[in-house]
Amino acid sequence: MPAGLCGAYVFRFLFLSVLLISLTVYWGDYSNESPPSACSLENLESFHPTTARWIPKWSTENTAEKLEAIAPHVCPSLLPILERILNTREINQKETPSVSNIQIQVVGGGTVGLSHALQAYESGASVALIEKRTNYTRDIWFDLYGDPWFSTLRKLSDWSATTNFSSLHAIIHGERAISVRSQILERYLSQVLFFLGVDLYYGYTFSEVVEVDFGRSATRVTRTEGGESFLLPFDILLGADGSKSRVREYLGVNFLPIESIQVDFAATGPAQVSIPPELNQVALVLRLKPNANGECPKEAISIQTGEPELPWEVSFKMPGKGVHQVFKRFFANYCELQIFFGAAQAKNQVELASDGLYDWDFILEVVNNCLEKPFGNVDEFLSSLKQRSSRETRTREYDVDLVTVAIRQASNNVIIKNSSIVLLIGDASVTSHFRLGIGINSAFDQLTNFETLLKDLATGTSVELAAQEYGRETTRIQTSLAVFEVMSILYEAYCDYLIFIDPNENENILNAMMVFGKDYILQDYNQEPWNNEQLFANCPTLQHLHPLPSHE
């Protein structure tokens, strides 16, 4: 390993050592007739939304009286955060009374939608959230970052998700990062919203926007099972319903590949270059069964360090076979391998998957190179994989996904509809790379901008001007996100480079990117990060990027 890059000097964007914290929270089986029972110590994995639930409608807006009404139905550990949010909401409504008249509707109950709903409620607005699912099941692990690059950890700390509520199921990576399972974070945020009395419509989908009285807009919301629908008026509609957003599609907003980016390679000088429309990164994500003790398989040990191998070391064991890195997400009895391919191998894997096939012999070779004790044959390996139910065939299949990440960006993320505003946020606005983790972090950064939008509207700023200011700032954030992700995919999948983050860069995460070449002879990455000229000279793909004509 290159000298000078150990310890705290470089924060490894690619690899994080872990510390596990246990989790217990509460969710009950709610009905319309009665409130939930007193605090239970069920694991958060049993905490899930349901359409047949008791909705807590407190008869008072007084914070102390509301907390007294909530207390019998919630775990004591949750009361401090509820009190803090209610106090902040009360202050905001006293300072700007008209904020309570703003109706916010969030379509999409993932982490981005839930966090924006909670921010809107805390700001003093009226909030409703619509989510087509009736349960949270996604097992993606989010890498959440703190200052100076992102405000995510600071915001979650405000909501007690990382500090006061110590039972959050999180993996701690020093002061700057944690990893958390998406469904756990979603259930935590939905639980907070539930006990605050926010209207949560699970099992419902967005259908259309219609004009109602006095030029205002409303969404038609349809129950997923049964088909009955109703109207929900809004002043601000947030489309947080993912990369296949129904809100974005209904509004006719284009969702297109990034066509060009600004680069500055020494060999070419600063230039705007076109990006191939097929640019993507492909990963095979597979999940292994833990053993009887809930333990994941032991990882292969590095000859150089005596520690578990780092993600890129498998590529040195399989030179020329197109395996770029393998990330082992062995957290909390959850045993996931993420195999990232180079561009050529990715194309081969996608072609096989299109025919419903997997190259199990090749996959077994990759997996065996990552574990201390290899599997004897394909059958033994397949028996170790988790299984899941197929919705289409009602049969059991292996818990394996071939994931293709292609960066797309909405042509417009702020739309004025009648006298109301529609905002596209999260993956509905720009695709986020599930491994890089900066998509979810960028969404948390936009909470401050969203809060400013609410204050502007509440203090009399026109809809047009408030929307314009919001759009300008979010476009800046989302463009930086898209450029970072495109460059990361280029460097990793097409150039076989490694990316690290320099912790001494305190302004822009794009400036914190450090790119290293691999040394297949020494079986390590190069001693120093490559400069732009070296990056250009050692990657044919970069050399074939076409500069666009100057408009000067």
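A residue is called buried when its relative accessible area is under 20%, exposed when that area is over 50%, and partly exposed in between, with a 1.4 Å probe and protein chains only. Cys 370, at 2% relative accessibility, therefore counts as buried.

The structure is a predicted model, in which local features need pLDDT of at least 70 and side-chain atom pairs count only at pLDDT 80 or more, while totals for chains, interfaces and linings use all residues. Residues are numbered from 1 along each chain as its sequence is written, and side-chain values use heavy atoms, with hydrogens and water left out.

A search of the whole structure for disulfides, defined as pairs of cysteine sulfur atoms within 2.5 Å, returned 2. One of them joins Cys 296 to Cys 335, with 2.1 Å between the sulfur atoms. The torsion about this S-S bond is about -90°, so the disulfide is left-handed. The link connects distant parts of the chain, 39 residues apart: Cys 296 belongs to the loop between strand S14 (281–288) and helix H7 (313–317), and Cys 335 to strand S16 (residues 334–341). Helices (H or I, at least four residues) and strands (E, at least two) are DSSP runs, numbered from the N terminus. Cys 296 is buried at 17% relative accessibility, and Cys 335 is buried at 1%.

A disulfide is also formed by Cys 495 and Cys 539, whose sulfur atoms lie 2.1 Å apart. This link is left-handed, with -75° about the S-S bond. Distant parts of the chain are again connected, 44 residues apart: Cys 495 is in the loop between helix H12 (463–494) and strand S23 (498–501), and Cys 539 is in the loop between helix H13 (532–537) and helix H14 (540–543). Both Cys 495 and Cys 539 are buried.

Helix packing was examined for H3 (residues 111–123) and H11 (residues 438–458), whose axes come within 10 Å and cross at roughly 25°. H3 is therefore roughly parallel to H11. Axes are lines fitted to C-alpha atoms, for helices over the stretch in contact, and angles run from 0 to 180 degrees between N-to-C directions. Angles under 35 degrees count as roughly parallel, over 145 as roughly antiparallel, 65 to 115 as roughly perpendicular and the rest as oblique. Contact (heavy atoms within 4.5 Å) involves residues of H3 including Thr 111, His 116 and Ser 123, and residues of H11 including Ile 440, Phe 450 and Leu 454. The residues of this contact comprise 8 nonpolar, 6 polar and 1 charged. Nonpolar covers Ala, Val, Leu, Ile, Met, Phe, Trp, Tyr, Cys and Pro, charged covers Asp, Glu, Lys and Arg, and the others, Gly among them, are polar.
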